Amino acid sequence: MPKIVDHDQRRREIVEVTWKFIAREGIEKLNLRDLAAAAGYANGALKPYFPTRDALLVATFNFVADATNQRIKQNAAGMQGLEAIAAFAREVLPLDELRRNEARIAVHFWHLALGDPKLAVVNASTMDQWRSMLDGWLEQIFPAADARTLMARDALINFLLGAQASSVLDAEVNTAVLLEEQLKYQLDLLDSFAR
């Protein structure tokens, strides 16, 4: 009797191995043959799940973005305004090894997305989700949203994305302690702007 395979579970397993591989080795070394071996599958076994390297990269980036978004929802649950924004930011900032690895995935993915509009759309979708979340919390701080509110939101997102890149490229200067201090500075600016 043939073995029944849970295809969704198998896809998740492959993506989990992929993001760990990229975080450890970099995206340049990623090929489906080596990845199949790292996942414990025969060469060619990934093709039914991810027919191309790009399909696997999209799934991996989405996996990391979804994991971040789930943590945001969990840790910001019941919070409002500035407190929720702080919880959101701490899940994006590379404050520990997990989030530093997620930042590595993001930075690698951005590099590829620069030259591939299909990959850029995937990143844009995540940014739209983040803007939507922040808009809700910012409305609690600024009841009459205007162009300055949108500027504050986008400045915060740019700070977070820059922190991800800086933590990967210049980790000694961008420690968790210093990133927390930078976040406090950003939140203090937002708070003073709200008054």
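Trainee: What do the buried residues of H2 pack against?
Mentor: In this predicted model, the buried residues of H2 pack against helix H1 (7–25) and H3. Contact means heavy atoms within 4.5 Å, and buried means under 20% relative accessible area with a 1.4 Å probe, protein chains only. Helices are DSSP runs of H or I with at least four residues, strands are E runs of at least two, and both are numbered from the N terminus.

Trainee: Which residues of H2 are buried?
Mentor: Helix H2 covers residues 32–39, and its buried residues are Leu32, Leu35 and Ala36. They lie on the same side of H2 because they cover an arc of only 105° around the axis, taken from the directions from the helix axis to the C-beta atoms.

Trainee: What about H3 and H6: at what angle do they pack?
Mentor: Helix H3 (residues 53–76) and helix H6 (residues 117–141) pack at about 10°, and their axes are 10 Å apart. Axes are lines fitted to C-alpha atoms, for helices over the stretch in contact, and angles run from 0 to 180 degrees between N-to-C directions. H3 is therefore roughly parallel to H6, a term for angles under 35 degrees.

Trainee: Which residues make that contact?
Mentor: From H3 they include Val58, Phe61 and Ile72, and from H6 they include Trp130, Met133 and Trp137.

Trainee: Changing topic, how many residues are in the largest nonpolar core?
Mentor: That core has 30 residues, and those with the most contacts inside it are Ile85, Phe88, Trp130, Leu134, Trp137 and Leu160. A nonpolar core is a set of buried Ala, Val, Leu, Ile, Met, Phe, Trp, Tyr and Cys residues joined through side-chain atoms within 4.5 Å. H3, helix H4 (81–92), H6, helix H7 (147–169) and helix H8 (176–194) each supply at least two residues of this core. Apart from it lies another core of 20 residues, among them Ile14, Ala36, Leu46 and Ile105.

Trainee: And which residues does Trp137 touch, sequence neighbours aside?
Mentor: Leaving aside neighbours within four places in sequence, Trp137 is in contact with Ile72, Ala76, Met79, Gly81, Ala84, Ile85 and Phe88.

Trainee: Overall, how many helices and strands are there?
Mentor: The protein has eight helices and zero strands. Buried residues make up 42% of its 195 residues.

Methods. Residues are numbered from 1 along each chain as its sequence is written. This is a predicted model: local features need pLDDT of at least 70, side-chain atom pairs count only at pLDDT 80 or more; totals for chains, interfaces and linings use all residues. Side-chain values use heavy atoms; hydrogens and water are left out. Angles under 35 degrees count as roughly parallel, over 145 as roughly antiparallel, 65 to 115 as roughly perpendicular and the rest as oblique. Buried means under 20% relative accessible area, exposed over 50%, partly exposed in between (1.4 Å probe, protein chains only).
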